[in-house]
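Colleague: Before we discuss the model, please show it to me. I shall then ask on what grounds each description rests.

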Amino acid sequence: SALAIARDHYSAISQDERRGSLREAAMMYVILLTFRGLHEEASNILKKMMTRHAQDVRLQLTQAIGVMEQGEAEVARQLLDGLSELKMSDGRLWALMGHLYLDLEEVDEAIRCYKEALEGGSKDVEVAYRLSRLLWENDETKLDGAHYLERAARLAAGRALVQRAQ
């Protein structure tokens, strides 16, 4: 029933965009289609949205995720490579790209994206920790790994759950 509701909402907004955000409606519909294994339908919606919002990095990252789920790793890698050339200020987008590159076993690219995320102001403990671990595991300068591990610890110290446990 959630899929039917999302489809109806997307259709209504497609006909009259004053009713809400078309991008948000489309993304919800695509996510539900993907989880139901309806990749071709999700891909068609994404293609329509790509023509309307060609510069929306979030939409393109969602497309990369969909392509990865279809088993098209090379296509996903090409999409990510194209996106990584863009100037993005949102650290969350860089972090997501890092996660996707890591899923594709592109460790050097994941490291680069995680660094971009943290330099872009990300306060994500997991990103800092993953970066430190990747640097240590790949025989990078141990000092760099220690720097990002320290950063992860400082970020974690500000979290409410950590403070309560102390």
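Colleague: Leaving aside neighbours within four places in sequence, with which residues is Ser-122 in contact?

Modeller: Ser-122 is in contact with Gly-91, Ala-117 and Arg-151, where contact means heavy atoms within 4.5 Å. The model is predicted, so local features need pLDDT of at least 70 and side-chain atom pairs pLDDT 80 or more, while totals for chains, interfaces and linings use all residues. Residues are numbered from 1 along each chain as its sequence is written, and side-chain values use heavy atoms, without hydrogens and water.

Colleague: Ser-122 is placed in the loop between H7 and H8. Why does Ser-122 count as buried?

Modeller: Buried means under 20% relative accessible area, exposed over 50%, and partly exposed in between, with a 1.4 Å probe and protein chains only. The relative accessibility of Ser-122 is 11%, and therefore Ser-122 counts as buried. Its side chain also reaches the backbone nitrogen of Asp-124 at 3.2 Å.

Colleague: Why are H2 and H4 described as roughly parallel?

Modeller: Angles under 35 degrees count as roughly parallel, over 145 as roughly antiparallel, 65 to 115 as roughly perpendicular and the rest as oblique. The axes of H2 (residues 22-35) and H4 (residues 57-69) come within 12 Å and cross at roughly 10 degrees. H2 is therefore roughly parallel to H4. Arg-23, Met-27, Val-30 and Thr-34 in H2 meet Arg-58, Leu-59, Thr-62 and Glu-69 in H4. By class, this contact has three nonpolar, two polar and three charged residues.

Colleague: What makes a set of residues a nonpolar core, and how many residues has the largest?

Modeller: The members must be buried Ala, Val, Leu, Ile, Met, Phe, Trp, Tyr or Cys residues joined through side-chain atoms within 4.5 Å. The largest such core has 33 residues, and Leu-61, Leu-80, Met-97, Tyr-114 and Leu-131 have the most contacts inside it. H4, H5 (73-83), H6 (91-103), H7 (107-119), H8 (125-137) and H9 (142-157) each supply at least two residues of this core. The largest share, seven residues, comes from H6. Apart from this core lies another of 15 residues, including Tyr-10, Ile-13, Val-30 and Leu-33.

Conventions: Axes are lines fitted to C-alpha atoms, for helices over the stretch in contact, and angles run from 0 to 180 degrees between N-to-C directions. Helices (H or I, at least four residues) and strands (E, at least two) are DSSP runs, numbered from the N terminus. Ala, Val, Leu, Ile, Met, Phe, Trp, Tyr, Cys and Pro count as nonpolar, Asp, Glu, Lys and Arg as charged, and the others, Gly among them, as polar. A polar contact is a pair of N or O atoms within 3.5 Å; within protein, one must be able to donate a hydrogen and the other to accept it, and residues adjacent in sequence count only if both atoms are side-chain atoms.
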